[in-house]
Amino acid sequence: MSDLRQIEIAQGVDLCAVKTDMFKTGRISVTMALPLGGDIAANAALVYILRRSCAKYPDFTSLNGHLDELYGAALSASVTKLGEAQTVNLSISAIDDRFALGGDSVLESAAELLLCMLFEPKLVDANFTQEDVDIEKRLLLERMLSELDDKTVYAMRRCQELMCADEPFGQSRYGTREDILSLTPDRIYAAWKNMLATAVIRFVAVGSADADEIARSLKKRFESIERRPAATSTRFIAEAGEMKYHSEEMAVKQGKLVMGFRAGMARKDDYDSAMTVMCDVFGGGTYSKLFSHVREKMSLCYYCSSRLDKEKGLMMVQSGIETENEEKARAAILEQLDAVRSGDFTSDTFNASIMSINETLRSYDDSPEVLCQWYSMQLLEDVTKTTEERMAEINAVTQEQISEAANKVTLDTVFMLIGTKEDGEDEN
Amino acid sequence: MKTEIIENGRLNESYYRAEHPSGLTILVLTKPDYTGSHAIFAAKYGSIDTKIQDADGAFRDIPAGTAHFLEHKLFESEDLDAFERFAKTGAYANAFTSFDRTAYIFSCSQSFKENLEILLDFVQSPYFSEETVRKEQGIIGQEIRMYKDVAGWQVMFNLLGALYHENSVKIDIAGTEESIAGISADMLYGCYKNFYSLRNMVLAVAGNVTPEDVLEVADRLLKAEEGKAVQREFKREPAKPARTYVEESLAVSTPNFLLGYKEDISTPERSVKESLCTEIIHEVIAGKSSPLYKRLLEDGLINAGFSFEHFAGYGFACSFFGGESAKPQETADEIKKEVARIKETGISGQSFERARRKLYGGMVMMYNDVEDIARDLMEAHFSGTGLFDTVETCVSLTLEDVNGRLREILDGDTAALSIINPIVH
């Protein structure tokens with residue numbers, strides 16, 4: 001695979017560059033992380049406002065017209081939680097100059113545009129405009145509501161919110177409805193200034209562009225900014241207390257069961273690759289215990305899977321089931337976890353899991369978007385790892401360690417979305 | 001065996017095409033600097049195929065959802081099922097059924113030949129029993145129920161139900177809980193025999209793999225038989241929709257809407273040129289740089305989820321515009337007004353060039369992804385075109401082509417609107 005170069009730009013700001021000409025495109029992205037607890041709504045709204053215009057292209061229509069001219073350069077913005085950090089991302093992908101019809105320089109213009117959005121937003125009288133903020137308030141609110149209209153997402157979010165109600169992690173990455181509704185241009189402006197000064201920032205570039213050149217222009221941009229990066233420290237709870245149960249009724253046909261576990265981590269350093277493999281053996285691919293028993297043998301559901309969030313030390317299990325099968329499904333899921341705990345799984349399953357994780361990691365090298373994300377999501381790590389280094393860690397996990405890992409997992413919260421819609425109610 | 005190499009200098013890509021003696025068409029695009037490969041073994045058989053042609057040429061009905069049901073069941077065998085076999089190689093395997101295709105896929109970066117052997121073997125070795133069919137009715141029943149709660153899915157099938165009188169495109173891909181209850185093991189064998197002839201299928205591969213690797217396995221595994229490409233029945237639909245409005249209530253916070261224009265088609269499939277012209281027209285009307293988009297966004301009528309699509313396949317073709325809106329009816333009216341206005345004025349040279357550039361860029365970007373390439377190879381084969389036809393047609397399109405196409409489509413009286421309202425308590 002292509003070489004990774006890591007270049008320091010400013011205090012708490014770096015560039016990871018993967019130089020390669022195997023892709024048709026070049027991609028550059030910026031990810032900024034702040035402790036989850038400041039003005040969450042303003043940070044979230046900010047990244048979408050930045051994405052909509054800049055000083056050079058001051059409205060959405062002219063900006064998108066410019067993107068069209070750049071052969072449909074793809075611009076995206078997102079907000080995520082990384083443990084108890086709020087991270088915002090802006091990315092742009094454009095075709096490599098080799099493929100431009102008129103011999104134009106597409107990549108440089110695309111990278112320039114991204115930097116313009118970040119450092120020279122559209123301001124009037126040194127502030128964001130009320131009009132832009134009002135539009136973004138509505139869009140952010142609708143974005144939040146729209147995501148929750150997906151019942152699978154809703155049930156997962158609700159379980160985490162209830163499970164981590166007393167931890168910063170229990171908050172929405174977009175902030176509360178009230179925080180969004182009360183947004184003002186002043187708050188957005190403050191969030192922008194604060195982000196450039198205090199966020200931990202990582203740029204990632206994948207493509208044929210020269211890393212030194214990108215680094216030079218980035219360094220210039222940061223010359224005038226006084227940096228004081230804020231560290232994020234995520235709160236971990238190693239072991240669940242008494243199991244909490246919550247349910248809600250909704251007029252849906254299919255019930256959604258989510259079970260939230262604590263993954264035995266008291267601090268970030270407790271993370272062990274065996275937990276990743278255990279979680280995959282338990283509920284990863286089609287070879288996993290949950291797929292082969294709860295879906296295939298028992299026909300209880302179309303999906304039943306588990307996922308580890310190592311940044312927060314949680315393991316979440318989710319399944320879409322008939323509401324009347326809740327008890328049966330819960331018992332079956334816990335039974336399979338017990339099986340993993342007692343080592344009741346074959347070496348075939350174990351090997352399948354190791355191979356599958358390796359395959360996934362290797363596939364990252366074939367996608368500029370995924371590679372960008374791989375490096376972006378490590379911005380808070382002391383050491384940035386390549387996919388090869390990660391594979392070596394996974395491959396060092398032994399079958400015995402899987403049971404040990406499973407024994408560290410404790411059930412914290414069960415959330416059940418009860419479907420109350422009867423058959424025949426969906427007629428028009 | 002007839003073979004050829006198809007090259008494209010503009011993209012600096014080429015692929016290999018062979019008509020294998022077994023009757024199967026094999027397509028391979030090699031990406032030597034990639035880590036992984038993606039393979040698709042697909043049949044021209046999807047949810048719209050609700051009839052089987054008998055030996056005497058007559059069409060006989062089969063239950064809705066058989067293509068999808070068969071896809072689920074083909075993974076099973078008397079001993080190790082396909083998932084268990086792929087688990088031993090580490091490959092990611094899956095399958096999907098669309099309106100007019102069933103595709104079996106795997107992605108891997110190691111043991112390509114072994115994986116291809118599993119793929120070709122399991123798809124050619126049907127094994128169905130009444131017991132496993134019954135069990136699957138439970139799993140697919142849950143899949144169908146899951147989609148009943150998904151507003152974006154319901155709003156589309158409700159719209160198709162309004163636009164089409166007879167066409168089976170309006171039935172959910174997985175069928176209904178009632179229709180799949182009528183599926184038996186015997187029936188699946190009958191459908192398999194009819195639709196899974198190698199002449200009705202294609203093998204498309206892209207990635208770090210050579211044609212020699214593929215052929216070596218194909219020569220060993222492909223079982224030639226007397227099958228033939230399946231004929232589909234094409235019935236011309238009335239030009240106007242069955243209904244112009246349909247609504248349903250679901251547990252959503254904001255209404256969903258989908259506005260569709262049905263194209264009056266006298267032949268079953270749209271050419272590459274027709275499709276591209278349509279996409280350019282959509283982009284000019286409602287793309288993010290259009291005046292309409294700006295107006296709708298600023299008036300609070302749409303949000304980031306707004307999108308449009310040329311929805312076309314065998315026997316159907318529509319233009320869709322949709323998303324979420326607090327005022328779905330008003331939004332649809334605004335879109336219809338703009339569509340009518342642009343049909344009146346035609347598209348300007350500048351708008352055309354801009355939209356064409358955007359589309360071209362998207363096509364170039366597609367060649368980054370081996371999964372997308374393999375899928376496009378399959379689609380091109382089933383449509384009787386070449387992989388590079390799209391990009392070359394895009395480069396050679398003229399403004400007259402697009403304005404000519406604009407006169408053929410998007411008539412106001414071919415439109416229907418589907419709305420999903422929030423449940424009011």
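**Entry 1, the five-stranded sheet of chain B.** I began with an open sheet of 5 strands in chain B, whose order is 10-14-11-13-12 with mixed pairing. Strand 10 (245-250) and strand 12 (307-313) of chain B are the edge strands, each pairing on one side only. On average, neighbouring strands here are turned by 20 degrees against each other, direction ignored.

My terms, for the record: strands (E, at least two residues) and helices (H or I, at least four) are DSSP runs numbered from the N terminus. I call two strands paired if DSSP finds at least two bridges between them. Axes are lines fitted to C-alpha atoms, for helices over the stretch in contact, with angles from 0 to 180 degrees between N-to-C directions.

This is a predicted model, in which local features need pLDDT of at least 70 and side-chain atom pairs count only at pLDDT 80 or more, while totals for chains, interfaces and linings use all residues. Residues are numbered from 1 along each chain as its sequence is written, and chains are lettered from A and ligands numbered from 1 in the order in which they are written.

**Entry 2, around strand 14 of chain B.** I then looked at both partners of this strand. Strand 11 (residues 256-262) of chain B pairs with strand 14 (residues 415-422) of chain B in the antiparallel sense, over 6 bridges. Strand 10 of chain B is also joined to strand 14 of chain B by 6 bridges, and these two run parallel. I found S418(B) opposite L258(B), and S418(B) also stands opposite V246(B). Further along, I420(B) is the bridge partner of N256(B).

Is strand 14 of chain B mostly covered or mostly open? I find it mostly covered, with 6 of its 8 residues buried. Buried stands for 20 or more other C-beta atoms within 10 Å of a residue's own, exposed for 12 or fewer, and partly exposed for anything in between, with C-beta atoms placed from the backbone.

I counted 15 helices and 14 strands in chain B. The radius of gyration of chain B is 22 Å, close to the 22 Å from the globule rule for 425 residues, so chain B is as compact as a globular protein of that length. The radius is taken over C-alpha atoms, and the rule is 2.2 Å times the number of residues to the power 0.38. Along its principal axes, the C-alpha trace of chain B spans about 60 × 55 × 45 Å. Buried residues make up 52% of the 425 residues in chain B.

I also checked sequence separation: of the contacts in chain B between residues at least 6 apart in sequence, 81% join residues at least 24 apart. A contact here is a pair of residues whose C-beta atoms, placed from the backbone, lie within 7 Å.

Which residues have the most contacts inside the largest nonpolar core? They are L114(A) and L377(B), in a core of 216 residues. Helix 1 (residues 40-52) of chain A gives the largest share of this core, 10 residues. A second, separate core of 51 residues includes Y154(A), C279(A), F345(A) and F415(A). By nonpolar core I mean a set of buried Ala, Val, Leu, Ile, Met, Phe, Trp, Tyr and Cys residues joined through C-beta atoms within 7 Å.

Back at L377(B), I left aside neighbours within four places in sequence and found contacts with Y15(B), L27(B), L29(B), A204(B), A206(B) and L387(B).

The contact takes 56 residues from chain B and 52 residues from chain A. On the chain B side, the largest share, 10 residues, comes from helix 12 of chain B. The residues on that side divide into 22 nonpolar, 17 polar and 17 charged.

Strand 3 (residues 25-35) and strand 6 (residues 200-207) of chain A run antiparallel, joined by 7 bridges. One of the bridge pairs is A33(A) with V200(A).

Key: Two residues are in contact if their C-beta atoms, placed from the backbone, lie within 7 Å. Ala, Val, Leu, Ile, Met, Phe, Trp, Tyr, Cys and Pro count as nonpolar, Asp, Glu, Lys and Arg as charged, and the others, Gly among them, as polar.
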